[in-house]
Amino acid sequence: MEEHVNKVSVKANLLNRFIARFIDFLIAGALLKLLPPIGFLAGITYLLIGDGLFDGRSLGKKLIGLRVIVTNKDVGCSFRESIIRNLPFGIGYILFGIPWIGWIFALIICTFEGLLVIGSENGARIGDELAKTQVIDDRKNNNQITF
């Protein structure tokens, strides 16, 4: 008899995703302020590649216990997928440098992405759809179902 193991991914809790993203924004903001000549570039670089750092975990996701996986491969997100999925936040980060108008557009981008996470069955936002990724709760995904 052949045994087939299928890993079931548990999507990440909305609050945990928000906290992890907030930590990542704090890190990008700290880089901006602590490294004045290159802080802007360091911050946007972290926001774009952060999810590809620790096998699909930015520092915020690693602290909270979340992971970004490539859905069709069930492996951790690479730098390529991280850049694609975080491009909307990168654009928001760039726009945030423009007083008032940029702040409003950055807020609109973040709000729109958040609403998509809430309304999507698997918690996908635009970046996730483009990169074919999903944020999962890594602590709950160590369970396997055997058929």
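Biologist: Is Trp 100 buried or exposed?

Modeller: In this predicted model, Trp 100 has a relative accessible area of 63% and is exposed, since the cut-off for that class is over 50%. Trp 103, with a relative accessible area of 35%, is partly exposed.

Biologist: Which aromatic cluster do Trp 100 and Trp 103 belong to?

Modeller: They form one aromatic cluster together with Phe 96.

Biologist: How many aromatic pairs are there by the ring-centre rule?

Modeller: Rings pair if their centres lie within 6.5 Å, and planes under 30 degrees apart count as stacked. By this rule the count comes to five aromatic pairs.

Biologist: Why are Phe 18 and Phe 22 separated by about one helical turn?

Modeller: Because they are four residues apart in helix α1, which covers residues 14-34, about one helical turn separates them. Phe 18 counts as exposed at 56% relative accessibility, whereas Phe 22, at 45%, counts as partly exposed. For the two tryptophans, the ring centres of Trp 100 and Trp 103 are 5.2 Å apart with the planes at 50 degrees, so that pair is tilted.

Biologist: Which rings have the charged end of Arg 21 or Lys 62 over them?

Modeller: The charged end of Arg 21 lies over the ring of Phe 25, at 5.8 Å from its centre, while that of Lys 62 lies over the ring of Phe 54, at 5.0 Å from its centre.

Definitions and conventions: Residues numbered from 1 in each chain as written. Predicted model: local features only at pLDDT ≥ 70, side-chain atom pairs only at ≥ 80, totals over all residues. Heavy atoms only, no water. Phe/Tyr/Trp six-rings, centres within 6.5 Å; stacked < 30°, edge-to-face > 60°. Helix = DSSP H or I, 4+ residues; strand = E, 2+ residues; numbered from the N terminus. Buried < 20%, exposed > 50% of the residue type's maximum accessible area, 1.4 Å probe, protein only. Lys NZ or Arg CZ within 6 Å of the ring centre and 35° of its normal.
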